[in-house]
Amino acid sequence: MLSLSPSPILSSRAISILLWYFLFLTLVTSNGVLATAPKAGFGYKLVSLVELPNRGGLVGYLQVKQRSSIYGPDIPRLRLFVKHETRDRVRVQITDAEKQRWEVPYNLLPREPAPPLAGGRVAGAPFAAVEYPGEELVFTYGRDPFWFAVHRRSTRQPLFNTSAGALVFKDQYLEVSTALPAGAALYGLGENTQPGGIRLRPNDPYTLYTTDISAINLNTDLYGSHPVYMDLRSLGGRGVAHAVLLLNSNGMDVFYRGTSLTYKVIGGLLDFYFFAGPTPLAVVDQYTSMIGRPAPMPYWAFGFHQCRWGYKNLSVVEGVVEGYRNAQIPLDVIWNDDDHMDAAKDFTLDPVNYPRPKLLAFLNKIHAQGMKYIVLIDPGIAVNNSYGVYQRGMARDIFIKLDGQPYLAQVWPGPVYFPDFLNPNGVSWWIDEVRRFHDLVPVDGLWIDMNEASNFCTGKCTIPKTHECPVPNSKTPWVCCLDCKNLTNSRWDEPPYKINASGQTARLGFNTIATSATHYNGILEYNAHSLYGFSQAIATHRALQGLRGKRPFILTRSTFVGSGAYAAHWTGDNKGTWENLRYSISTMLNFGIFGMPMVGADICGFYPSPTEELCNRWIELGAFYPFSRDHANFASPRQELYVWESVAKSARNALGMRYRLLPYLYTLNYQAHLTGAPVARPVFFSFPDFTPCYGLSTQFLLGASVMVSPVLEEGATSVSAMFPPGSWYNLFDPAKVVVSRGEGPVKLDAPLNEINVHVYQNTILPMQRGGFISRDARATPFTLVVAFPFGAAEADAEGAVYVDDDERPEMVLAEGQATYVRFHATVRGKAVTVRSEVHMGSFSLQKGLVIEKLSVLGLEGIGKDLAIHVDGTDDDAMATSSPYFAAGGNAKLHRQEGVEGSKKSVMVEVGGLALPLGKSFTMTWNMQIEA
């Protein structure tokens, strides 16, 4: 939901923001965005270094070389800790040697603890070697001045080297730099909207500080903080990747200059983790093994979702569901923004527009059909003595405080207090409130919004005595109506170094919680600010998991390192423009790298009104977001997919394919939960050696081998697409084949209602018949699409499918609860073999899941001499399924130089099957080329 004006008419606050922005463009800033920053420090020297017993790591002490007062006094003594935590991960931590400093709480992000501070007295053997090797990575260092570096053990390739710049460590200013090779391709450092695509551009600003500012703002700190980057380099024709995480929740600027990268952080400590890779998939595997594997999502979450801020009563929602059904467009989940609430208060129902008896009747109806219902809750709790949620929160003393009193802010209900999710009592209170609400309304998931946290006011505020707040019947409820004054007398509100907050070096407390406010045990908002949405997601996950005993679904706006273990994410308040359509791909792909693979943008744009053509193209793309939802602002015209007949046609086409691909998407969900592998991936994840795709941000892969190539330009009826070398088959029409040598883009036809989606050679893709609700679609028979290289005489293909009941909180392979099947195919001359390898088959057998067809792509001719063997089954019994061969039409080849006709048949269909998914099978036949 938008926190500033969604109207095209600028509010006074919006005008103020614009004035600030233009001032920013004309002045030299204090953080060095437009000018060279002063030298803040002169480095440290290493005075001692020991190795802890049992490979417990290195501990050293650093002494400041020369004091500097810029941004505050230097911390004179630092403690260095280095440990190879796994074979492919090394940790380098630098902190104050004498005093405990703020760091991300271990109960929020569990990880190996560093040794306690010991005042310089550490038992261990003196360490004098110049290198400290692990299995994959090597730590090296210099003593005076102190610097450190990390390189690969196998190739000695440097990954991170701080020798070119001085280490600076003050209470509110930390600085460290690394050298980079000019050809390195960097990705990550979010959340921001990157107009240049997924690959980081030198000299673009990268500021990390969770902020409620619309995603239409480019190169600006947005809703999440993810201080991690992936570095991909082409070395000798081979793409080699690693990643670097600076685990720190304080605000920071990161300056990427092409050959260097500098961190300027306003608190905490330097806690680096280096991940060896060497492939992009290995990097994400290693990263999520440390921060938490992505949460398993229920099957229905991969269906289509519809939402709008402005469904003013239940009748409207019922009409939307009926509209999708009448238009025969798939729909799994219907959402409410805050319209269901009584005066925008959390955990309430509007008694007039959403009366509980009628809402329960509606939910009984859609639940019986297999549909789900999700509602929004914001963290701000209305200050209202007659409001039970507020009363219980006050009684348990769970709100964030300023000067000993609950911190007063303003959001949609007017004056609010913010719960403290770092407080154990705050968490238990939240869990109880979610339980009470679920007793009122049996929702199927929760949407936690505005949790950066967003505040319509700034500073220290009081409830006004001269006017009402909220203003009755206000058309601009996002305008502050409290009496507020700026906080300038604290180093937490006005730190010595100003990060480029909100893209304009705004105050840290601008439109959020004052940074001098305190959480549980005196934790400063200054330190914990960017953890607010993360901590709320953890509490909400606990609430839903304990309440329903089912797999939770939570959608969160604000995120941090590790949020993907608890929630999905949408990219926030975007705009219905062609530019925002394009930007959505990069943001989506970034979150896969961040360990949050369930992600998508508001389809057709949150505001203002999209054009009909744009909405066509957006649903064609959005049908292949991992999280696929149409959402709009109350001030925009209605934009459900059935509003325009042309959009409805595109939706039926694109979502029809999505629902056929649901078993594949759900299997990717399983793989993401096991290894962190993103659902939607940059092309370089599968083709790291193919350098032309390093900056490719207009196409993406689903899993390893399904390429989505959307139209992103107004008026276009074709798309220029990049394909790595090999054969790519159009899933809508497999006779359309791209045979690429990787030498340049291929022009593909893309009429208004069509999107290009291709499957790569060597793949076996599990598909089903589809349907209008995922519950029905997942019960239909399977088709296996087996893709060989075009015209292959010798090739292999493989794939897999995972199925379960999607109700269990844990996503694990267990007999009777889930089935995992690996598929293998080979062609050797004319002989073709397709077989399956089943793990825990009883669940699929109970559900009666069967394979009805194989579509084999790339082979010339037609099949004969079919033989089928199913484990534990009389071969003769298979005759009852009446298998048959059918040939596809002639191929239409696309190459870099244009379209080339072909008389070759591209597809052989083996139909009429009834192979139990839960039993291993082997199928063989010979190919015959007819005269």
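Cys461 counts as buried, at 8% relative accessibility (buried means under 20% relative accessible area, exposed over 50%, and partly exposed in between, with a 1.4 Å probe and protein chains only). This is a predicted model, where local features need pLDDT of at least 70, side-chain atom pairs count only at pLDDT 80 or more, and totals for chains, interfaces and linings use all residues. Residues are numbered from 1 along each chain as its sequence is written, and side-chain values use heavy atoms, with hydrogens and water left out.

A search of the whole structure turns up four disulfides. A disulfide is a covalent bond between the sulfur atoms of two cysteines, and here the term is used for a pair of cysteine sulfur atoms within 2.5 Å.

**Cys461 and Cys484**

- Cys461 is joined to Cys484 by a disulfide, with the sulfur atoms 2.1 Å apart.
- The two cysteines sit in distant parts of the chain, Cys461 in strand E28 and Cys484 in strand E29, 23 residues apart. Strands (E, at least two residues) and helices (H or I, at least four) are DSSP runs, numbered from the N terminus.
- The torsion about the S-S bond of Cys461 and Cys484 is about 110°, so this link is right-handed.
- While Cys461 is buried, Cys484 is partly exposed, its relative accessible area being 32%.

**Cys457 and Cys480**

- Another disulfide runs from Cys457 to Cys480, at 2.0 Å from S to S.
- This pair also links distant parts of the chain: Cys457 is in the loop between strand E27 (445–448) and strand E28 (460–462), and Cys480 is in the loop between E28 and strand E29 (483–485), 23 residues apart.
- The link of Cys457 and Cys480 is right-handed, with 100° about the S-S bond.
- Cys457 is buried at a relative accessible area of 1%, whereas Cys480 is partly exposed at 21% relative accessibility.

**Cys604 and Cys615**

- In the disulfide of Cys604 and Cys615, the sulfur atoms are 2.0 Å apart.
- Cys604 lies in the loop between strand E33 (602–603) and helix H10 (612–622), and Cys615 is in helix H10, so the pair ties together parts that are eleven residues apart in sequence.
- With a torsion of about 85° about the S-S bond, the disulfide of Cys604 and Cys615 is right-handed.
- Cys604 is buried, at 0% relative accessibility, and Cys615 is buried, at 0% too.

**The pairing, and other cysteines**

- If you number the bonded cysteines of the protein chain in sequence order, the pairing reads 1-4, 2-6, 3-5, 7-8.
- Cys307 has its closest cysteine sulfur in Cys604, 13 Å away, which is too far for a bond. Cys307 is buried, at 1% relative accessibility.
- Cys693 is buried as well, with a relative accessible area of 1%.

**Around Thr211**

- Thr211 lies in the loop between strand E13 (205–208) and strand E14 (226–235).
- Thr211 is buried, with a relative accessible area of 10%.
- Setting aside neighbours within four places in sequence, Thr211 is in contact (heavy atoms within 4.5 Å) with Asp221, Leu222, Tyr223, Glu452 and Ser502.

**The second largest pocket**

- The lining of the second largest pocket has 26 residues, and Lys312, Ala344, Trp412, Ser474 and Pro477 lie nearest the pocket's centre. On a 1 Å grid over the protein atoms alone, a pocket is an open set of points where a 1.4 Å probe fits, with protein on both sides within 12 Å along at least five of seven lines, and lining residues have an atom within 4 Å of a point.
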